[in-house]
Amino acid sequence: MTRSKASANDVDVLTDAVLTASRLLVAVSARSLAAVEETITLPQFRMLVILDSRGSMKLSSLAELLDVNPSTATRMVDRLVATEMIARQPNPATRREVVAELTDEGRRVVRGVTRRRRAAIGKIIAKMSEDERRGLVEALTAFTKAGGEPAVTAGDLGWI
């Protein structure tokens, strides 16, 4: 059986399709990020998005969600504190720990990049047929659920 005739249940074929789509999405994300804020990296932006969607949290929790070492997360936070996108605060629950929280500037960056990404992705989706769109919604919803990513809707972006 050739790759193109493999069934939709073939994990390798699905993995290749998702990798190809992720390449496109990373390109859209990188362009959107560069257009709004040239000083932060995609991993740093991912940290901002996590704080935006989940609220303030301990650095160890951030490291776990980003799948990086705590020291790497600390360095990322240090850089984002320097750009005034993240603030460190004493943890209200223990006062011995520090939590990172998004600042108004960090929120502005997340909103701006997300707005640009949404527009770019919308242009791509508009080129698809209605049936393809319907299938994509189901597939991506299942994929993000399996990956533990919170859903995003236009309503989440508030004023955007």
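The model is predicted, so local features need pLDDT of at least 70 and side-chain atom pairs count only at pLDDT 80 or more, while totals for chains, interfaces and linings use all residues. Residues are numbered from 1 along each chain as its sequence is written, and side-chain values use heavy atoms, with hydrogens and water left out.

**Whole chain**

The chain contains six helices and three strands; helices (H or I, at least four residues) and strands (E, at least two) are DSSP runs, numbered from the N terminus. Traced from the N terminus, the elements follow the order α-α-β-α-α-β-β-α-α. Of the 160 residues, 24% count as buried, where buried means under 20% relative accessible area, exposed over 50%, and partly exposed in between (1.4 Å probe, protein chains only). Among contacts between residues at least 6 apart in sequence, 52% join residues at least 24 apart.

**Helix 3 and helix 4**

Next, select residues 59-66 (helix 3) and 70-82 (helix 4). Their axes come within 8 Å and cross at roughly 105°. Helix 3 is therefore roughly perpendicular to helix 4. Axes here are lines fitted to C-alpha atoms, for helices over the stretch in contact, and angles run from 0 to 180 degrees between N-to-C directions; under 35 degrees counts as roughly parallel, over 145 as roughly antiparallel, 65 to 115 as roughly perpendicular and the rest as oblique.

Now display side chains: Leu59, Leu62, Ala63 and Leu66 of helix 3 meet Pro70, Ala73, Thr74, Met76 and Val77 of helix 4. The residues of this contact comprise eight nonpolar, one polar and no charged. In this classification, Ala, Val, Leu, Ile, Met, Phe, Trp, Tyr, Cys and Pro are nonpolar, Asp, Glu, Lys and Arg are charged, and the others, Gly among them, are polar.

Select aspartate 67, in the loop between helix 3 and helix 4. Aspartate 67 has a positive phi of about 60° although it is not a glycine, and it counts as exposed at 71% relative accessibility. Then move to glutamate 84, in the loop between helix 4 and strand 2. Glutamate 84 also has a positive phi, of about 65°, without being a glycine; at 58% relative accessibility it counts as exposed. Most residues other than glycine have a negative phi.

Select the three strands, which form an open antiparallel sheet in the order 1-3-2; two strands pair if DSSP finds at least two bridges between them. Strand 1 (57-58) and strand 2 are the edge strands, each pairing on one side only. Strand 1 is joined to strand 3 by two bridges, and lysine 58 has valine 99 as its bridge partner in strand 3. Strand 2 and strand 3 pair over five bridges, with proline 90 opposite valine 98 in strand 3. Bring helix 4 back into view: helix 4 lies across strand 2 and strand 3, running at about 115° to strand 2.

**Asparagine 91**

Finish at asparagine 91, in the loop between strand 2 (86-90) and strand 3 (98-102). Asparagine 91 counts as buried, at 11% relative accessibility. A polar atom of the asparagine 91 side chain lies 2.9 Å from the backbone nitrogen of alanine 93. Not counting residues up to four places away in sequence, asparagine 91 touches Lys58, Glu97, Val98 and Val99.

Conventions:
Contact = heavy atoms within 4.5 Å. Polar contact = N/O pair within 3.5 Å; in protein donor to acceptor, adjacent residues only side chain to side chain.
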